[in-house]
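Hi,

Here is the model I promised to pass on.

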Number of protein chains: 2
Amino acid sequence: MANQGKRFVQLTVTTPQPIPDDAQPTPDRCCAMPPSLRLPTNEADELAAMFKALGHPVRLQIVELLSRFGGQACVCDVEAQFSLSQPTISHHLKILREAGLVAADQRGLWVYYHVNPTAVEQLWLLLDTLR
Amino acid sequence: MANQGKRFVQLTVTTPQPIPDDAQPTPDRCCAMPPSLRLPTNEADELAAMFKALGHPVRLQIVELLSRFGGQACVCDVEAQFSLSQPTISHHLKILREAGLVAADQRGLWVYYHVNPTAVEQLWLLLDTLR
DNA sequence: CCATTATATTGATGATGTTCAATATAATGG
DNA sequence: CCATTATATTGAACATCATCAATATAATGG
């Protein structure tokens, strides 16, 4: 079977507008061309919540770790990598879950976590427009 | 002109890996394959600090705004887009500056901010490995 | 040097985040 | 049903964050 484990997505990206030639380098007044927001507040809220979840070194390391073990990393695997209590790891995993960045499924007594590729994709796409 | 201001991107998305057939559905012990951290703590600290700076809707909107006005957006331009006090905007800009995501240069009485493309690139690259 | 203006800093207040010990929950195997 | 084990939740202590009013700083133009 071709393209196993992959799918293709086509999307539209707005490019940054070029600075117009008549923009004064040192104008005698400011705010001549007030830019308007193109990132709506509700979108910004959701994306910022995901960035916020990545905004802690331990959580970033957890996600990086999970990204290399699709569905095979249980909580105790994660726990083993850090000098943090079990409740603290559980707390960080909850934050990542609630942001939609990871998902969990229970198999027997263990809970296995994996990265949600759609969520990462959204962030990646946004950064792509900011580069 | 067709597709003005837009470009099309085709990209590949990795779907979650299926659990291999030889993975025990209910193994009698866990952590058989302890993964090790590949993202060093000092790197994680720096990257997480940048993600954290993006982890607020207003700051995300500020960066998005700046990305479309390379070196032409002064603080008052930014201020005009939000219902927040001038000190609050200044505070958010400081956080973005200290994370290395934006830089400022003064021209006359005004201070113009622009996105630091190297910083965005770093985050983009990391997310690229997590997809 | 004085007045004006844009931006930054300070200090305060209320909200949110991080961590752990203790405890609860839920699955498993006798 | 009981003991064991993995994970989650609770509650508390302490740290950090977001916001604004007030004030400081620094550039400019008289």
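Predicted model: local features only at pLDDT ≥ 70, side-chain atom pairs only at ≥ 80, totals over all residues.

By class, the residues near DNA strand C are 15 nonpolar, 10 polar and one charged.

Now for the other strand. DNA strand D has 24 residues around it, with Val75(A), Cys76(A), Pro87(A), Pro87(B) and Thr88(B) coming nearest. Two or more residues each come from helix 3 (75-79), helix 4 and strand 4 (110-115) of chain A, and from helix 4 of chain B. Which element gives the largest share of the surface near DNA strand D? That is helix 4 of chain A, with six residues. The class count for the surface near DNA strand D is 15 nonpolar, eight polar and one charged.

On to the sheet in chain B. Three strands make an open sheet there, in the order 2-4-3, with antiparallel pairing. Strand 2 (73-74) and strand 3 (102-107) of chain B are the edge strands, each pairing on one side only. Between strand 3 and strand 4 of chain B there are six bridges, again in the antiparallel sense, and Ala104(B) has Tyr113(B) of strand 4 as its bridge partner. Helix 2 (residues 57-67) of chain B packs on this sheet and touches strand 2, strand 3 and strand 4 of chain B, its direction making about 90 degrees with that of strand 4. Helix 4 of chain B lies across strand 3 and strand 4 of chain B, at about 120 degrees to strand 3.

In chain A, strand 2 (residues 73-74) and strand 4 pair antiparallel over two bridges, and Cys74(A) is partnered by Tyr112(A) in strand 4. Strand 3 (residues 102-107) of chain A also runs antiparallel to strand 4 of chain A, joined by six bridges, and here Asp105(A) stands opposite Tyr112(A). Strand 3 and strand 4 of chain A form a hairpin with two residues between them, and Gly108(A) in the turn has a positive phi of about 65 degrees.

One helix pair in chain A is also worth a look. The axes of helix 1 (residues 41-54) and helix 5 (residues 117-130) of chain A come within 11 Å and cross at roughly 105 degrees, so the two helices of chain A are roughly perpendicular to each other. Leu47(A), Met50(A) and Phe51(A) of helix 1 make the contact with Ala119(A), Gln122(A), Leu123(A) and Leu126(A) of helix 5. Six of the residues in this contact are nonpolar, one is polar and none is charged.

Last, confidence. Chain A has a mean pLDDT of 81, with 74% of its residues at 70 or more. Within chain A, confidence is highest in helix 4, at 98, and lowest in strand 1 (residues 6-14), at a mean of 33. The pLDDT is below 50 over residues 1-26 of chain A, a stretch that has 38 contacts in the model beyond near neighbours in sequence.

Cheers

Key
Residues numbered from 1 in each chain as written. Chains lettered and ligands numbered in written order. Nonpolar A, V, L, I, M, F, W, Y, C, P; charged D, E, K, R; others polar. Axes fitted to C-alpha atoms, helices over the stretch in contact; angles between N-to-C directions. Helix = DSSP H or I, 4+ residues; strand = E, 2+ residues; numbered from the N terminus. Parallel < 35°, antiparallel > 145°, perpendicular 65-115°, else oblique. Contact = placed C-beta atoms within 7 Å. Near = placed C-beta within 6 Å. Pairing = 2+ DSSP bridges. pLDDT = per-residue confidence, 0-100.
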